[in-house]
Amino acid sequence: MTYGDTPGGGKKKAPEAVSDYKKPLPNPSLNPEVSKPFWDGTKKHELWVQYDRRNNKFVFPPREVSPGDLTPMDELEWTKINGLGRVYSYTTVYQSSIPAFTEEAPYVNATIQLDAAGVRMTGNVLGLTKEQLMNNELHINQRVEAVFEDITDDWTLVKWQIIDEEEAPSAED
C-alpha cells in the first residue's frame with residue numbers, strides 16, 4: 001500500500017482532539033510538504049514512512065533526498081507500515097526543562113526501532129506507573145506498538161505503548 005491508497009477493513013475510532021493542549025506543537029517549518037504525508041497518516045492513526053526504491057530501504061525522518069546516494073524525493077515512495085517495534089534506547093525525564101511538561105514528569109522519551117521498516121522514531125512510552133518508572137522497569141528490546149494522541153484538530157502525535165511479546169506478530173506475519 002502506498003500513500004494515498006484507501007485501506008480496507010475497520011480502524012480504531014480516533015479519540016476526540018484535546019482543544020486545550022498547551023504544550024509545544026510539531027513545527028515542520030523548513031519544508032512542510034516533505035513531511036505532510038507522515039502527519040496526514042498520523043491523523044488517520046497510521047504510520048507512513050518514505051521508501052527508497054533505488055536502494056531498497058526505508059527512510060525516516062522524512063527527507064527531500066535519501067541519505068547516502070541522494071535519491072531525489074520523487075523517487076521516494078510513501079509506504080504505510082505497522083506500528084510495531086522495540087525500545088532501542090530511552091531516558092526517563094524526572095525534571096523537565098520545558099515548563100509545559102513539568103506536570104507529566106516523570107515520563108519516558110524513547111527511541112523505537114520499527115520492525116517493518118528498520119527505521120527509528122522517537123516518542124513517549126505510555127502506560128508505566130510512577131513506581132515502574134522509578135524502578136526502571138522499561139527495558140531495551142521491550143516490545144511496543146504505536147498509539148496516537150489527537151492533541152488538536154490539526155495535529156496527532158505518535159506515542160508508544162508496551163505490549164506483551166505474545167501480542168506481537170512474528171516477522172512472517
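**Exercise 1.** Determine which parts of the chain are joined by the salt bridge between Arg-143 and Asp-115 in this predicted model.

*Solution.* Step one is the contact itself: the closest N and O atoms of Arg-143 and Asp-115 are 2.7 Å apart, and a salt bridge requires such atoms within 4 Å. Step three considers accessibility. Arg-143 has a relative accessible area of 4%, and is therefore buried, since buried means under 20%. Asp-115, at 38%, is partly exposed.

**Exercise 2.** Carry out the analysis for the salt bridge between Glu-104 and Lys-23.

*Solution.* Here the closest N and O atoms are 2.4 Å apart. Glu-104 is in the loop between strand 4 and strand 5, whereas Lys-23 is in the segment before helix 1, so parts 81 residues apart in sequence are tied together. Glu-104 is partly exposed at 32% relative accessibility, and Lys-23 is partly exposed at 22%.

**Exercise 3.** Describe the lining of the largest pocket by residue and by class.

*Solution.* The largest pocket holds about 720 Å³ of space. Its lining consists of 28 residues, with Trp-39, Thr-122, Gly-123, Leu-157 and Val-158 nearest the centre. Strand 6 supplies the largest share, four residues. Sorted by class, the lining comprises 17 nonpolar, eight polar and three charged residues.

Definitions and conventions
Residues are numbered from 1 along each chain as its sequence is written. This is a predicted model: local features need pLDDT of at least 70, side-chain atom pairs count only at pLDDT 80 or more; totals for chains, interfaces and linings use all residues. Side-chain values use heavy atoms; hydrogens and water are left out. On a 1 Å grid over the protein atoms alone, a cavity is a set of points where a 1.4 Å probe fits but cannot get out, and a pocket is an open set with protein on both sides within 12 Å along at least five of seven lines; lining residues have an atom within 4 Å of a point. Grid points are joined across faces, edges and corners, and a volume is the space filled by probe spheres set on the points. Helices (H or I, at least four residues) and strands (E, at least two) are DSSP runs, numbered from the N terminus. Ala, Val, Leu, Ile, Met, Phe, Trp, Tyr, Cys and Pro count as nonpolar, Asp, Glu, Lys and Arg as charged, and the others, Gly among them, as polar. A salt bridge is a side-chain nitrogen of Lys or Arg within 4 Å of a carboxyl oxygen of Asp or Glu. Buried means under 20% relative accessible area, exposed over 50%, partly exposed in between (1.4 Å probe, protein chains only).
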